[in-house]
Amino acid sequence: METTGKRKFNLREIREDFPALRQTVYGKNLIYFDNGATSQKPQYVIDAINKYYSKDNANIHRGVHHLSQKATNEYEASRKTIATYLNAKHTHEIIFTKGTTEGINLVAFSFGQLLQKGDEIIISAMEHHSNIVPWQMLCERVGCVLKVIPINKKGEIIYDEYLQLLNDKTKLVAVSHISNSLGTINPIKKMIDEAHKVGAKVLIDGAQSIQHTKIDVQALDCDFYVFSGHKVFGPTGIGVLYGKEAILNKMPPYQGGGDMILKVTFEKTTYNELPFKFEAGTPHIAGAICLGKAIEYLNQFNIEDLEKHELELADYATDLLLTFEGLHIIGESKKKTSVVSFIVDGAHPFDIGTLLDKQGVAVRTGHHCTQPVMDFYKIPGTVRASFAFYNTKEEIDYFIAALDKAITMLR
Amino acid sequence: MTLNEKQIELIDEFSIFDDWMDKYQYIIDLGNELTPFDEAKRTKDRIIEGCQSQVWLDASFDGNVMHFEADSDAIITKGIIAMLIRVLDNEKPEEIAKCDFHFINEIGLYEHLSPTRSNGLASMVKKMKMAALMAVGQKG
Ligand SMILES: Cc1ncc(COP(=O)(O)O)c(C=O)c1O
């Protein structure tokens, strides 16, 4: 392992990297188990934000002056870092966006321009609203048909039903790699290969996978992969759309403005090449640069080490949770990430969340932007604890004690 | 007791707790004591949908004072409803319409009534005031 030159997984040292973890709320040590919603940031990223605005701030791709060059170089270096990390074939296949949501909307609009009435798009029943609504809007605009792969009680895609839905009218399959409310890891490699057999393209919503597992877009052979910077230890307001060059080249631009053009006249405008064609206007320069820093931070480690620790945490928490009478885990796929969603008989998720909060434990409650999943289970919502590699078993022990207290008060 | 005296009474009751969990235990107790809403009254026109928990409200005017009944599927929300009802029930609509619920802030429950909080309580308070305003109109 030493030969790889990667940083050793040392939990105590890792926690030192994240200043937000060292604080108290309501007089209690903060226990942050809402990593599925957003992650905390390492000092390395915070310092980079500070440095950018203190020393390097300038607009990119336009100034001849020193600072503009510097900012441009760093912005493009970050694109390269991300391309390398995802193993994209070309750096210009990395498009900076606001986040997962914008990435999906971009594809729904631009790729959608290539679709026709009657074309079919497949999503799954466990998608985040961000991977449902843009497709519904596209269907309304163009007259495409949205098909939904059902899930079983364990919270897994029913694979045979997926195969049934695929046909030569299928133009796009858009599925999450990992479900944010259930934690299920979908068999995306198999799904991508099947979709390609009927000539469909595949978009992977990577919002919940980039921070947990190694992504190799060429090995996966996905056509699009989208994620948000803030969930992978980077800033909010920045994200990435990876797309295969050939497809991105065929797609018309998403928004018009500065930077995305080669020449503008009132008669005709010619568009810039990739990736600029899809980056209209002044982008989130600091965000893009610091997302690169977040990826650098993550890449010091063997991601398998982080993943292993996260799964240990999830197993540990699940075992302890199951000792509570009347507690039900929602999402019981054998292949799961470090997300544990649950409900408790006789206690509303909102009440549990409030009482955990007052004891210093941050969890998410509600439908997690996946209302169809809640409708499927006929529940109003869940309590969700989602762990990152900087969380500890001691924190889980405290969380379990806090939950015990909450449930006792509520019943 | 005036509407404001009732608010001060609630603030006093909470002042003995310095631990948040004790405060919430008291809120839960208040919620449990609240007269349960008639199942038959849990109708669509009485529901106030929150993103996380739901609230049902029934407001009526007897020509002199307002009457409120309300319920929620979440017990903490219900406890706060119980406090609002204690303050507003049997009050003249003119008084309710101009009332400022300072007790919520002073007890430290502001977050539950902030408009972004998705528990339906903020909308419930608005609806209570609206009902009172309509009653004032009826009288006028
Ligand atoms: C699976 C999934 N998709 C999409 C999103 C949307 O991400 P963002 O709000 O950062 O655009 C999320 C965020 O919760 C998510 O978990």
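Visitor: Which residue of β7(A) stands opposite Glu120(A)?

Guide: In this predicted model, strand β5 (residues 120-124) of chain A and strand β7 (residues 170-176) of chain A run parallel and are joined by three bridges. Within that pairing, the residue of β7(A) that Glu120(A) faces is Thr170(A).

Visitor: Is Thr170(A) buried or exposed?

Guide: Thr170(A) belongs to strand β7 of chain A, and, leaving out residues up to four places away in sequence, it touches Glu120(A), Ile122(A), Leu165(A), Val198(A) and Ala200(A). Its relative accessibility is 1%, and since buried means under 20%, Thr170(A) counts as buried.

Visitor: Which backbone nitrogen does the side chain of Asp119(A) reach?

Guide: Asp119(A) sits in the loop between α4 (100-110) and β5 of chain A, and it counts as buried, with a relative accessibility of 10%. Leaving aside neighbours within four places in sequence, its contacts are Cys144(A), Val145(A), Lys169(A) and Lys171(A). At 2.7 Å, the backbone nitrogen that the side chain of Asp119(A) reaches is that of Gln116(A).

Visitor: With which side chain does the side chain of Glu279(A) make a polar contact?

Guide: Glu279(A) lies in the loop between β12 (269-271) and α10 (285-299) of chain A, where a relative accessibility of 5% makes it count as buried. Not counting residues up to four places away in sequence, it touches several residues, among them Tyr75(A), Ile94(A), Gly258(A) and Met260(A). Its side chain reaches the backbone nitrogen of Phe96(A) at 2.7 Å, while the polar contact with another side chain, at 2.8 Å, is made with Arg79(A).

Visitor: Which residue of β17(A) stands opposite Ser341(A)?

Guide: A further open sheet has four strands in the order β13-β14-β17-β16 (chain A), with antiparallel pairing. Its edge strands, β13 (327-330) and β16 (364-366) of chain A, each pair on one side only. Strand β14 (residues 339-344) of chain A is joined by four bridges to strand β17 (residues 382-386) of chain A, and there the residue opposite Ser341(A) is Arg384(A).

Visitor: Which strands of chain A does helix α12 of chain A lie across?

Guide: Helix α11 (residues 303-321) of chain A packs on the four-stranded sheet, touching β13 and β14 of chain A, and its direction makes about 10 degrees with that of β14(A). Helix α12 (residues 349-357) of chain A runs at about 40 degrees to β17(A). The strands that α12 lies across are β14, β16 and β17 of chain A.

Visitor: About how much area do chain B and chain A bury between them?

Guide: The size of an interface is often given as the accessible area lost when the parts come together. Here 18 residues of chain B are in contact with 16 residues of chain A, and 64% of the buried area is on carbon and sulfur atoms. On the side of chain B, Trp20(B), Met21(B) and Gln52(B) lose the most area to chain A, together 40% of what that side buries. The area buried between the two chains is about 1600 Å².

Visitor: Which helix gives the most to the side of chain B that touches chain A?

Guide: Across this interface there are zero salt bridges, whereas three residue pairs are found in polar contact. On the side of chain B, α2 (20-33), α3 (75-88) and α6 (110-113) each supply at least two residues. With five residues, the helix that gives the most is α2(B).

Definitions and conventions
Residues numbered from 1 in each chain as written. Chains lettered and ligands numbered in written order. Predicted model: local features only at pLDDT ≥ 70, side-chain atom pairs only at ≥ 80, totals over all residues. Heavy atoms only, no water. Pairing = 2+ DSSP bridges. Buried < 20%, exposed > 50% of the residue type's maximum accessible area, 1.4 Å probe, protein only. Polar contact = N/O pair within 3.5 Å; in protein donor to acceptor, adjacent residues only side chain to side chain. Contact = heavy atoms within 4.5 Å. Buried area = accessible area lost by both parts, 1.4 Å probe. Salt bridge = Lys/Arg side-chain N within 4 Å of Asp/Glu carboxyl O. Axes fitted to C-alpha atoms, helices over the stretch in contact; angles between N-to-C directions.
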